Every structure is written in structure tokens, then in C-alpha cells.
Amino acid sequence: MYATASDMIARYGETQMIRLSRPEDRTAETVDEVKVNTALSDASDIINGYIRGRYHVPVAVPPDSIIRATCALARYDLAQGEATTPSDEMTAARKDTITWLENIAKELVNLDIPAAQPTGHDAVGSGPRMSDRDRFMSLDTLRGF
């Protein structure tokens, strides 16, 4: 996971995280960390799906932008339920995050993390090869000189 329940609390406040993680319990005083961690794990999987082609996943040391994106996706996910609906701000943040991830996948946005090695036809050693041998016979050889 790219973010923690503590990251969510730091970004959105403990009260909101209690309400989103325990919407059925209006007297709850603690965050349901299992529920928050599930949403964070799901969000991390979504992010990996977008960046997998360009970067090694999971990202060992995620930059702040990945942590922020994880939190935005998880918050939206937590807000979808029987007792809650994502706010306009949550919906906009999710949309912006998905657009950002699509731009990473399209190579319009770059992350400051190590890139994955190319595979398939882009891999080193799989393209045309150079040789030190003559490719064509000279005209003199063809004429028998």
C-alpha cells in the first residue's frame, strides 16, 4: 500500500475518517483501520495498473504524488456505501487522479522514480543486431577476381 490510515487522517481529518469508515455508527470515536486499509489497498492496485508499464511496482519509496493519489482514490471508495455518497469534491478529486494516472500511462507525465526495463520488442538485445562480417559480397568477388 502506498498510504496508511495515518496519511488519510492527516489529509482529511480524523472526524471524516471515522464517519467514512463507520458510517452506520454515529457514536464511533475511532477509525475502522481495517476498512480504511482495504480502501487504500484497492487504490494502490488501481495505481499499479496505470503505472505498471512504465515503472516497477509496487513503488518501493512512493513520491508524495502517489501517496496523495492513493488517499484520493481510497477516500472516494470509502464514501460509496449504503449510508454515504461521495461529495462533489471527492468525485472531482477522483476524476483528477484518474486523469493524472492516464497521463502517466500515456507518458505525458513522468514520476521521479526508477523506470521499468523495457520488455518485448523494446528490450535490449531483441532488436536488429550488428555484425562485423561483410553484409554483401564485393563486385570483384562476384566477378571471380
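The face of helix α5 that points away from its buried side bears the exposed residues D88, K95 and D96, where exposed denotes over 50% relative accessible area, buried under 20%, and partly exposed the range in between (1.4 Å probe, protein chains only). Helices are DSSP runs of H or I with at least four residues, numbered from the N terminus. The model is a predicted one, in which local features require pLDDT of at least 70 and side-chain atom pairs are counted only at pLDDT 80 or more, whereas totals for chains, interfaces and linings draw on all residues. Residues are numbered from 1 along each chain as its sequence is written, and side-chain values rest on heavy atoms, with hydrogens and water left out.

Helix α5 comprises 18 residues, 88–105, and spans 26 Å from its first C-alpha to its last, close to the expected 26 Å at 1.5 Å a residue; the expected span is 1.5 Å times one less than the number of residues. The buried residues of α5 are M90, A93, T97, I98, L101 and I104. They lie on the same side of α5 because they cover an arc of only 135° around the axis, the arc being taken over the directions from the helix axis to the C-beta atoms. This buried set packs against α2 (14–21), α3 (33–51) and α4 (64–79).

Within α5, T97 is counted as buried because its relative accessibility is 9%. Neighbours within four places in sequence aside, T97 makes contact with A69, A72 and L73, contact being defined by heavy atoms within 4.5 Å.

After α5 comes E107, with a positive phi near 65°. E107 has this positive phi although it is not a glycine. The residue is placed in the loop between α5 and α6, and E107 is classed as exposed because its relative accessibility is 56%.

The largest nonpolar core contains 35 residues, of which M8, I47 and I51 touch the most other members. A nonpolar core is here a set of buried Ala, Val, Leu, Ile, Met, Phe, Trp, Tyr and Cys residues joined through side-chain atoms within 4.5 Å. Two or more residues are given to this core by each of α1, α2, α3, α4 and α5, and the greatest contribution is that of α4, with 10 residues. Apart from neighbours within four places in sequence, I51 is in contact with V57, V59, L101, I104 and L111. P58 is situated in the loop between α3 and α4.

Helix α1 (residues 5–12) includes S6, which is exposed because its relative accessible area is 53%. Between the C-alpha atoms of S6 and V31, which are 25 residues apart along the chain, the separation is 9.9 Å.

The protein has an average pLDDT of 85, and 81% of its residues score at least 70. Confidence is highest in α4, with a mean of 97, and lowest in helix α6 (residues 139–143), with a mean of 50. Over residues 122–133, pLDDT remains under 50, and the model has 3 contacts beyond four places in sequence for this segment.

Note on methods:
pLDDT is the predictor's confidence in each residue, from 0 to 100.
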